[in-house]
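Please work through the following exercises with the sequence and the structure at hand. Each task is followed by a solution in steps.

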Amino acid sequence: VQTLRNSYPDALDIESVKLQYIDVVEFDPTAESPQSFVERNLGITVKNNRYDVPGAFNRLHVMQSYQLDNNSHLVLEVQTGKHHKTGGPAIIWITSIQNAGVMTFEHLPAWLDFAHTTCSDTFVNMLNPEFYASFDL
């Protein structure tokens with residue numbers, strides 16, 4: 001952060017800043033549906049449509065956004081995809097916080113601390129304890 005600050009000689013106002021964490025785990029779609037995996041491990045319920053849809057289900061993408069008190073919002077995204085190392089099926093979830101207003105550079109370190117703590121707490125609270133324990137943190 002200080003290197004960024006040092007590269008600008010004048011006062012710097014930040015119009016937008018975002019802290020984002022991306023987590024990926026492999027899963028076996030022949031053993032469990034993505035919806036079931038997400039509900040069991042991430043605590044997010046994804047219901048199937050109550051109507052017939054032509055074709056076969058092939059991708060999940062859910063986004064939730066929450067307005068926070070300090071002009072920021074928390075976004076949770078869960079989607080299916082491919083694991084970046086193995087190429088196998090994966091569940092990807094993104095936890096991010098974005099500031100919705102202008103902030104001075106001097107406020108950035110405190111905002112980053114807030115954003116990191118909020119993302120980290122959300123990560124821990126959303127995960128099934130057994131699933132959380134499976135991570136090598």
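Contact here means heavy atoms within 4.5 Å. The model under study is predicted.

**Exercise 1.** Determine where histidine 83 is found, whether it is buried or exposed, and which residues it touches.

*Solution.*
- Step 1: Histidine 83 belongs to the loop between β4 (72–82) and β5 (89–99).
- Step 2: The relative accessible area of histidine 83 is 12%. Buried means under 20%, so histidine 83 is buried.
- Step 3: Leaving aside residues up to four places away in sequence, histidine 83 touches Val24, Val25, Glu26, Gly88 and Ala90.
- Step 4: The histidine 83 side chain also reaches the backbone nitrogen of lysine 85, at 3.1 Å.

**Exercise 2.** Classify the ring pairs that tryptophan 93 forms with phenylalanine 131 and with phenylalanine 135.

*Solution.*
- Step 1: The structure holds eight aromatic pairs.
- Step 2: For tryptophan 93 and phenylalanine 131, the ring centres are 6.0 Å apart and the planes stand at 45°, so this pair is tilted.
- Step 3: This pair links distant parts of the chain, with tryptophan 93 in strand β5 and phenylalanine 131 in helix α4 (residues 129–133), 38 residues apart.
- Step 4: Tryptophan 93 is buried at 1% relative accessibility, and phenylalanine 131 is buried at 10%.
- Step 5: For tryptophan 93 and phenylalanine 135, the centres are 6.2 Å apart and the planes stand at 75°, so this pair is edge-to-face.
- Step 6: Phenylalanine 135 lies in the segment after α4, 42 residues apart from tryptophan 93.

Methods: Residues numbered from 1 in each chain as written. Predicted model: local features only at pLDDT ≥ 70, side-chain atom pairs only at ≥ 80, totals over all residues. Heavy atoms only, no water. Helix = DSSP H or I, 4+ residues; strand = E, 2+ residues; numbered from the N terminus. Buried < 20%, exposed > 50% of the residue type's maximum accessible area, 1.4 Å probe, protein only. Polar contact = N/O pair within 3.5 Å; in protein donor to acceptor, adjacent residues only side chain to side chain. Phe/Tyr/Trp six-rings, centres within 6.5 Å; stacked < 30°, edge-to-face > 60°.
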